[in-house]
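Thanks for asking me to look this one over. Please have the model open as you read my notes.

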Amino acid sequence: MIERLRVQNFKSLHDVAVHLTRLHLLIGPNDSGKTSVLEALGAVSRSADNQLSNCFEGSWTGRELVWQFQDSPVTFQVALTGDRSYGLSITFLATGRPAVVDAEVV
């Protein structure tokens, strides 16, 4: 089970950590990042068996998925039950849909 998710520089999430439970609700005002948290979880899940650029949904190009379109890596850190963890750092190039893995830690 995923117990904690930390997301940096992804869409509206500059540096957000969410501690998850078996049943978890995301509540907040419009445009506060609820959907971005779900999209981050989905991208991390899809990264296990898809080409990285196909893990992110929608018709994005370049750095549209990076917080404030910066030239910063997007990072996902997942803490799992049993003291296991997974980390992924990605750079999105300025144009097109390439996503490059900077680091992956299991």
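Predicted model: local features only at pLDDT ≥ 70, side-chain atom pairs only at ≥ 80, totals over all residues.

1. Residues are numbered from 1 along each chain as its sequence is written, and side-chain values use heavy atoms, with hydrogens and water left out.

2. Five strands form an open sheet with antiparallel pairing, in the order β2-β1-β3-β4-β5. Strands (E, at least two residues) and helices (H or I, at least four) are DSSP runs, numbered from the N terminus; two strands pair if DSSP finds at least two bridges between them. At the edges are β2 (13-19) and β5 (99-105), each pairing on one side only.

3. Inside the sheet, β1 (residues 2-10) and β3 (residues 74-80) are joined by six bridges in the antiparallel sense. Have a look at V7, which stands opposite F76 in β3.

4. Helix α1 (residues 34-46) packs on the sheet and touches β1, β2, β3 and β4 (84-92). Contact here means heavy atoms within 4.5 Å.

5. Finally, find L26 in the loop between β2 and α1. L26 is partly exposed, at 33% relative accessible area (buried is under 20%, exposed over 50%, partly exposed in between; 1.4 Å probe, protein chains only). Beyond its neighbours within four places in sequence, L26 contacts K34, V37 and L38.

Notes:
Axes fitted to C-alpha atoms, helices over the stretch in contact; angles between N-to-C directions.
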